[in-house]
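Welcome! Please take a moment to look over the structure below, and then we can walk through it together.

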Amino acid sequence: MKYCAGQLKYLIAIKELQEKGGRIRCVSISKHLGVSRPSVSKMLRCLVESGLVCEDFCTSIEFTEKGKAVIEEIYSGYTEVYFFFKRILRLSSDDAREQAQLFITQFPKLTTERLSEVVRKSINKKSMV
C-alpha cells in the first residue's frame with residue numbers, strides 16, 4: 001500500500017522520537033514537526049485507521065506490527081537520504097530532515113534506493129581512506 005507524504009512524515013517523526021527514548025505523546029510530535037496538536041491528533045486517527053499506530057494513542061504513541069514493518073522499510077532509505085543532505089550537502093539538521101522527507105515522499109522508491117546506494121558507497125570510500 002502506498003502512503004501519502006503526510007503519513008510518512010508523521011511515521012518518520014514517531015520513529016525519530018522513539019530513538020531519543022521516552023514516551024511519545026501528541027505534544028512531542030507537535031513540537032518535533034512544528035504543527036498544532038489538533039493536526040497531530042487528526043493524523044494519528046488516520047494512522048490508526050490505516051493500521052499503523054495503536055488505537056490508544058492518548059497516553060503513548062506506539063506502532064502496530066504493520067506500522068513497524070512500514071517504518072522499517074522506509075526508514076533506512078530516509079536515514080541515508082538525510083545523511084546525504086546533512087553531511088554531503090551540509091544542510092542544517094532541520095533543513096536536511098525536511099529535504100529528506102520531501103525526497104522520499106516525492107521521488108519513486110527506486111530513486112531513493114539508488115541515492116542510498118551512492119551514499120553507502122561514499123561512506124565506504126571515506127572509511128577506507
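Let us start with Glu-98, which lies in helix α5 (helices are DSSP runs of H or I with at least four residues, and strands are runs of E with at least two, numbered from the N terminus). At 46% relative accessibility, Glu-98 counts as partly exposed; buried means under 20% relative accessible area, exposed over 50%, and partly exposed in between, with a 1.4 Å probe and protein chains only. Phe-85 sits 13 residues from Glu-98 along the chain, and their C-alpha atoms are separated by 9.6 Å.

A word on what you are looking at: this is a predicted model, in which local features need pLDDT of at least 70 and side-chain atom pairs count only at pLDDT 80 or more, while totals for chains, interfaces and linings use all residues. Residues are numbered from 1 along each chain as its sequence is written, and side-chain values use heavy atoms, leaving out hydrogens and water.

Stepping back, the chain has six helices and zero strands. Its radius of gyration, 15 Å, is close to the 14 Å that the globule rule gives for 129 residues, so the chain is as compact as a globular protein of that length. The radius is taken over C-alpha atoms, and the rule is 2.2 Å times the number of residues to the power 0.38. Along its principal axes, the C-alpha trace spans about 50 × 30 × 25 Å. Buried residues make up 40% of the 129 in the chain.

Now for the inside. The largest nonpolar core holds 34 residues, and those touching the most other members are Leu-11, Ile-14, Ile-29, Leu-44, Leu-47 and Ile-61. Such a core is a set of buried Ala, Val, Leu, Ile, Met, Phe, Trp, Tyr and Cys residues joined through side-chain atoms within 4.5 Å.

| Helix | Residues |
|---|---|
| α1 | 5-20 |
| α2 | 26-33 |
| α3 | 37-49 |
| α4 | 65-88 |
| α5 | 93-106 |
| α6 | 109-128 |

What does Leu-11 touch, not counting residues up to four places away in sequence? Its partners are Leu-47, Leu-52, Phe-63, Val-70 and Ile-71, where contact means heavy atoms within 4.5 Å.

Helix α1 also contains Gln-7. Gln-7 is buried, with a relative accessible area of 7%. Leaving aside neighbours within four places in sequence, Gln-7 is in contact with Met-43, Cys-46, Leu-47 and Ser-50.
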